[in-house]
Amino acid sequence: MKQQAPQIEMPNLWVALIPVVLTIGLLGLQIFYYDDFTPHIALAVGFAITGLVGWSQGWRWKDIESGAFHVLHVAMPSIATLIIVGMLVSTWIASGTVPMLIYYGLELIDPSWFLAASMLLCSVVSLSIGSSWTTVGTIGLALVGIGTAFGIPLYWTAGAVVSGSFFGDKISPLSDTTNLAAAVTETNVFDHIRNMMPTTIPAMVISFVIYLLVGGQSGVDASQLEQITLYKEGLASHFDLGILPLIPLLAVMALAFFKVSPIPALFTGFVLGALVAAINYGYGLNEVFTFAHSGFKISSGSDALDSLLNRGGVTSMTWVVTLMMFALAFGGALERTRCLESVVSAIMKLTRGFRGLQTNAILTSVATNAVSGDVYLSIALPGRMYGPEYNKLGYSRLNLSRAIEEGGTLVSPLIPWNAGGAFVMGALGLTAVSGDFSNLLYAPLAFACWLSPAIGILYAQTGWFSRRADDSEMQARDALVNNSDAAQTAKGVV
């Protein structure tokens, strides 16, 4: 007979904060004092501290371990997606798919509006297929190559790509996080999408204008023009720029549009890329497997072109995958020992009125993203816990669904050890080594991702675009109040 996990009371706030505060302190020490962006061991120690705190509260190691493994199990599709993207990147370069996109991007796009165009292109693609990760790992990768040829810093290009890609993941009815936010708040998904327009539209417009203004100051001097010409000549001489390399990209986009799961869709793209590489360039099976594992390698005679194309492979994702696993195990232990629940409950007790409730819902999603490393938990936890409070105040839960979508979906790519941030760093090659953290600037430069929750907090404080509950939601609120009164009466009788 299977043994049930013990029913243990939630720890008080000060106990619950011990693993959170100590882990944040260790992360800060590692990153800022030692100037070393390798948060893995700090998160592992944080997991151990959480285990000790849980054990002191009566939790068995089996239960804490089970909580960590449960979150890892839920996140395995994301980890598998990341590994497959590494394989796909290498074969798409070998097949000429990425080189072709870079070549024609250099032909058609002007540096002065490159950043704005990158955001718009990623927005359209992600809205169409409902997947920010697929957009970043395919179109985003090619845009990074184009930006590099234009002499635009990697972090600027990545910021524009992330802004556009996660826009679609926020408002596409095909997106898993969009549907999750609507489900946990018990709202209609299309009402949820419409209610996000007051924050989404201004955030995207402001971001577009910023990218346009920044790009407008980027001219191409004679040396850059010569470098671009060398890039194009190198790409044209080493790769097929015809129709065949386009097949893997079109196949992945079609599969994503028809809601095929990311893993089979991306793996199909990998296989097609490998086939095109074999047909066009005569690569054998062992060479394709080597590319998929260790990354594509070319000696074109141009160091700049080689550094752009020599990438991909499973090994390129190892750092990111292990980071995700440490972060998710830590978050799972915090959830199982009810430390996260204790912190959120303490925040709820301090909440007074709608302004505080809406602001705290956004910030709780942001904090859960940062502490747990899991975007789904950052949506589900506050979505479940804050819902009844909106009913009591007479406000629509659509305000809550917007809050957790903005603090959850949009903030996840901005936190390097979150699943979203780790994926972005791995797919776009945003390394942070030898004390050089400049590539992490992509996070503040992904304007749409943080402007949207900031505008949401502004609306919460002013009352703008804050929907009151309609008749059906009011009935749900009255039922909640009546059930609560009945429970209190029964308790008094007993």
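This is a predicted model: local features need pLDDT of at least 70, side-chain atom pairs count only at pLDDT 80 or more; totals for chains, interfaces and linings use all residues.
Asp-191 forms a salt bridge with Arg-194, and the closest N and O atoms of the pair are 2.4 Å apart. Arg-194 has a relative accessibility of 54% and so counts as exposed. Both residues belong to helix 9 (residues 189-195), where three residues, or about one turn of the helix, separate them. An α-helix has 3.6 residues a turn, so residues three or four places apart point the same way.

In total, seven salt bridges were counted. Another of these joins the side chains of Glu-406 and Lys-170, with an N to O distance of 3.6 Å. Because Glu-406 lies in helix 20 (residues 398-408) and Lys-170 in helix 7, this pair ties together parts that are 236 residues apart in sequence. Glu-406 and Lys-170 are both buried. A salt bridge is also found between Glu-341 and Arg-338, at 3.0 Å from N to O. Glu-341 is partly exposed, at 26% relative accessibility, and Arg-338 is partly exposed as well, at 24%.

The structure holds zero disulfides. Cys-449 is in no disulfide, and the nearest cysteine sulfur, which belongs to Cys-122, is 11 Å away; a disulfide would require the two sulfur atoms to be within 2.5 Å. Cys-449 is buried, its relative accessible area being 0%. Cys-339 is likewise buried, with a value of 1%.

The largest pocket contains about 650 Å³ of space. Its lining is made up of 34 residues, and those nearest the centre of the pocket are Gly-130, Ser-131, Asp-176, Pro-262 and Tyr-376. By type, the lining residues comprise 18 nonpolar, twelve polar and four charged. Several helices each supply at least two of the lining residues, among them helix 6 (132-150), helix 8 (176-184), helix 13 (262-281) and helix 19 (375-393). The greatest contribution comes from helix 3, with five residues.

Helix 4 (residues 97-108) was examined for its length. With twelve residues at 1.5 Å a residue, helix 4 should span 16 Å, and its end C-alpha atoms are 17 Å apart, so the two values agree. The buried residues of helix 4 include Thr-97, Val-98, Pro-99 and Met-100, as well as Ile-102, Tyr-103, Gly-105 and Leu-106.

Definitions and conventions
Residues are numbered from 1 along each chain as its sequence is written. Side-chain values use heavy atoms; hydrogens and water are left out. On a 1 Å grid over the protein atoms alone, a cavity is a set of points where a 1.4 Å probe fits but cannot get out, and a pocket is an open set with protein on both sides within 12 Å along at least five of seven lines; lining residues have an atom within 4 Å of a point. Grid points are joined across faces, edges and corners, and a volume is the space filled by probe spheres set on the points. Helices (H or I, at least four residues) and strands (E, at least two) are DSSP runs, numbered from the N terminus. Ala, Val, Leu, Ile, Met, Phe, Trp, Tyr, Cys and Pro count as nonpolar, Asp, Glu, Lys and Arg as charged, and the others, Gly among them, as polar. The expected span of a helix is 1.5 Å times one less than its number of residues. Buried means under 20% relative accessible area, exposed over 50%, partly exposed in between (1.4 Å probe, protein chains only). A salt bridge is a side-chain nitrogen of Lys or Arg within 4 Å of a carboxyl oxygen of Asp or Glu.
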